[in-house]
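Some notes follow on the pairings and packing in this entry. They are meant to be read beside the coordinates.

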Amino acid sequence: PSDMIINSFDGCSGLRDRYYSYVPSQSGALTVTVSPCAQPFQTPTVSIFTECGGDYLACSPFGELAAGTAVTAGVPIIIRIADDCSTGPMLFTVALNPNGIPINDACEGAIAVTTGDTPFDNTFATTELLPSCATGGFPFQPGLDLFYTFTPSVTGTYDITTQDSLVISDTQLAISTGCGEFPFACNDDSRGFLSFIRTPLTAGQTYTIRVSGTGLPNGSSPINRGPGILTVRQSIAPSNDDCTTAQVVAAGVTPFDLYDATTGTDSPSCIREGNTTYNDVWFSYTPSSDGPVEASVTGDSVPVTISRFTSCETGVSADSAGALIDSATGAVV
């Protein structure tokens, strides 16, 4: 028994633990599975380290009984089995699949994708030492990366995202013009801890997409791993994306969607300091009689701004125009 207790964000804790050293005979995908506790509501955990006190390679997600990682022939690893079970004994199994590492684990083996959804799983991926994007204010590092290529058939703006992933919870995306090239677009956290890039791409040019998990192995948080979905789609701006193409509306309710809208060049003077507007659409309204006009937004959209302009040419919003409205409460903020 050991008195060393290590906790992680993924549930790799336990009141009692034992350590084992394993030297893989082949490179491949290693899975360590532990038997369940006899008591309900108690779950043993598996964690894998590079060495005693070294980096986290993997740990079993909360409530699950297995952890997996890619290993190299002849390079030892440390396995920690911990549990809160009140009685024993227990068993664990080590399984090694020499063919379990994904074929697109290296940039040179990138899989070609088209627009649409592509399932991925970086559980048994390794990490290539390639130029990567800065992760902003978070200390998490990218790793366990998979590679894809995308060649657009038409020039335009495209979305590359992992936002529809249900299992892997923290990713980083990077897109470049080839293996070893510095990314020209990247994102760490945009959809929660998942990732989203919107960038212009040129028809016929092949781009390399790198999908990574993120984590802090020395801080008890192994690189995030598991099944996910990589989505590539063309983003086409709505017809009323610009003031000069404003949609003519009458009094009443008009639906709109800002998802694919871009940001216009006009900057409404009514925006409060510190608030930035993105993804705007434009409408033209001609009143049939004199009197006050009220414009408001309802629905499940994020807080938005409403601005009134006297004309597109002036580019200056009217003095009485606009308010920042919280769509959840309807309150002007």
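1. Arg198 and Asp260 form a salt bridge through their side chains, with N to O at 3.3 Å. This is a predicted model. Arg198 sits in strand S14 and Asp260 in the loop between strand S17 (247–249) and strand S18 (283–285), so the pair ties together parts 62 residues apart in sequence. Asp260 counts as buried, at 16% relative accessibility, whereas Arg198 is partly exposed at 29%.

2. Asp260 also meets Arg233 in a salt bridge, 2.9 Å from N to O. Here the loop between S17 and S18 is linked to strand S16, with the two residues 27 apart. Arg233 is partly exposed, its relative accessibility being 27%.

3. Arg198 has a further partner in Asp159, and their closest N and O atoms are 2.6 Å apart. Asp159 belongs to strand S11 and Arg198 to strand S14, so this pair ties together parts that are 39 residues apart in sequence. The relative accessible area of Asp159 is 0%, which makes it buried.

4. Which residues touch the most other members of the largest nonpolar core? They are Tyr148, Ile160, Ile175, Ile209 and Leu230, out of 21 residues in that core. At least two residues come from each of strand S10 (141–150), strand S11 (156–161), S12, strand S14 (196–201), strand S15 (207–215) and strand S16 (227–235). S10 gives the most, with four residues.

5. Beyond its neighbours within four places in sequence, Ile160 is in contact with residues including Leu173, Ile175, Phe196, Ile197, Ile209, Leu230 and Val232. A second, separate core has 11 residues, among them Leu30, Ile48, Ala67 and Val71.

6. The model has one disulfide. It joins Cys107 to Cys179, with the sulfur atoms 1.9 Å apart. Cys107 lies in the loop between strand S7 (92–97) and strand S8 (111–113), and Cys179 in the loop between strand S12 (171–176) and strand S13 (185–187), so parts 72 residues apart in sequence are tied together. The torsion about the S-S bond is about -95°, so the disulfide is left-handed. Cys107 is buried at 4% relative accessible area, while Cys179 is partly exposed at 38%.

7. Cys52 is exposed, at 64% relative accessibility, but Cys59 is buried, at 9%.

Notes. Residues are numbered from 1 along each chain as its sequence is written. This is a predicted model: local features need pLDDT of at least 70, side-chain atom pairs count only at pLDDT 80 or more; totals for chains, interfaces and linings use all residues. Side-chain values use heavy atoms; hydrogens and water are left out. A disulfide is a pair of cysteine sulfur atoms within 2.5 Å. Buried means under 20% relative accessible area, exposed over 50%, partly exposed in between (1.4 Å probe, protein chains only). A nonpolar core is a set of buried Ala, Val, Leu, Ile, Met, Phe, Trp, Tyr and Cys residues joined through side-chain atoms within 4.5 Å. Contact means heavy atoms within 4.5 Å. A salt bridge is a side-chain nitrogen of Lys or Arg within 4 Å of a carboxyl oxygen of Asp or Glu.
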